[in-house]
Amino acid sequence: PRAPEWRAVGIDTKGRGKRTDEALDVIVRLWREDKVDFEGTYFQLSGASINPKPKQTNIPVWIGGDSPAAVRRTARIGTGWQAGLQTPAEVAPVIAAIREEVVKTGRSIDDDHYGAAFPYYFGSADDAGPQRHLQRHKERTGKDGEDYMAVGGADEIVQRLSEYIDAGASKFILRPIAANGKEAIDQTERLIEQVLPQVSARWPRK
């Protein structure tokens, strides 16, 4: 709700969940049906179609959000759930709630289809990059971000991964904190060289 995008496009944040529910229903139907009629609060379609249709018959639908409505949305239609700006402590109850809710729907979500994301940085928390990132996180969410991002070395990043795994997540989007493309490449190379071998050794793929 604090994101500047809402002000930029002049859309009220109220009702965004219901709008999302309708949009997902429309999108999934357009992927699969030749003609779609839809009469909703936010979207009205008559004989709508898209061409070409996706080659995949069942495109994975990963849902975000941590509200009760987002939990229900994930259980109803989601292939998986992807956390946004949530710490491990915030991720755990959402995953537990989705697992409980999905049972009621008669559907199933694979155990390894719960994801988390966090920024990482090889260096000091006092460096300009992490400090700038923390400030932006505070402005966007109203929360401190120390428990969300991973700063230090490989051990600190692996520790943060471990906390998310203990919370129930098993797929990850790790974003390098960087001021430019060169720094992003350097941070990514260090992740590949120093973190991924530890991950493979500690959590081997089944």
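Visitor: How far apart are the end C-alpha atoms of helix α2 (residues 16-32)?
Guide: Helices are DSSP runs of H or I with at least four residues, strands are runs of E with at least two, and both are numbered from the N terminus. The expected span of a helix is 1.5 Å times one less than its number of residues. For the 17 residues of α2 this should come to 24 Å, and the distance between the end C-alpha atoms agrees, at 24 Å.

Visitor: What kind of model is this?
Guide: Residues are numbered from 1 along each chain as its sequence is written, and side-chain values use heavy atoms, with hydrogens and water left out. Local features need pLDDT of at least 70, side-chain atom pairs count only at pLDDT 80 or more, and totals for chains, interfaces and linings use all residues; the model is predicted.

Visitor: Which pattern does the chain follow along the sequence?
Guide: The chain has seven helices and seven strands. Read along the sequence, they follow the pattern α-α-β-β-β-α-β-α-β-α-β-α-β-α.

Visitor: What percentage of the 206 residues counts as buried?
Guide: Buried means under 20% relative accessible area, exposed means over 50%, and partly exposed lies in between (1.4 Å probe, protein chains only). By that rule, the buried part of the 206 residues is 33%.

Visitor: Which elements do the buried residues of α2 pack against?
Guide: The buried residues of α2 are E22, L24, V26, V28 and L30. Contact means heavy atoms within 4.5 Å. The buried residues of α2 pack against β1 (36-39), β2 (44-48), β3 (62-63) and α3.

Visitor: What covers the buried residues of α6?
Guide: α6 has 14 residues and reaches 20 Å from its first C-alpha to its last, close to the 20 Å expected at 1.5 Å a residue. Its buried residues are A154, I157, V158, R160, L161, S162, Y164 and A167. The cover over these residues includes α4, β5, β6 (150-152), β7 (171-176) and α7.

Visitor: Is A167 buried or exposed?
Guide: A167 is found in helix α6. Leaving aside neighbours within four places in sequence, A167 is in contact with P88, V91, A92 and I95. Its relative accessible area is 11%, so A167 is buried.

Visitor: What is the phi of G168, the residue that follows α6?
Guide: G168 comes after α6. Its phi is positive, near 115°.

Visitor: What is the angle between the planes of Y120 and F122?
Guide: Rings of Phe, Tyr and Trp (its six-membered ring) pair if their centres lie within 6.5 Å; planes under 30 degrees apart count as stacked, over 60 as edge-to-face and the rest as tilted. The structure holds three aromatic pairs. Y120 and F122 form one that is edge-to-face, with 6.1 Å centre to centre and an angle between the planes of 85°.

Visitor: How does the pair of Y164 and F172 count: stacked or edge-to-face?
Guide: Y164 is buried at 0% relative accessibility, whereas F172 is partly exposed at 27%. Their ring centres are 6.4 Å apart and their planes stand at 70°, so the pair is edge-to-face.

Visitor: Which residues do ring pairs link into a cluster?
Guide: Leaving aside neighbours within four places in sequence, the contacts of F118 include Y148, I157, Y164 and F172. The cluster linked by ring pairs consists of F118, Y164 and F172.

Visitor: How far is R99 from the ring centre of Y114?
Guide: A charge sits over a ring if NZ of Lys or CZ of Arg is within 6 Å of the ring centre and within 35 degrees of the ring normal. R99 lies over the face of Y114, and its distance from the ring centre is 4.7 Å.
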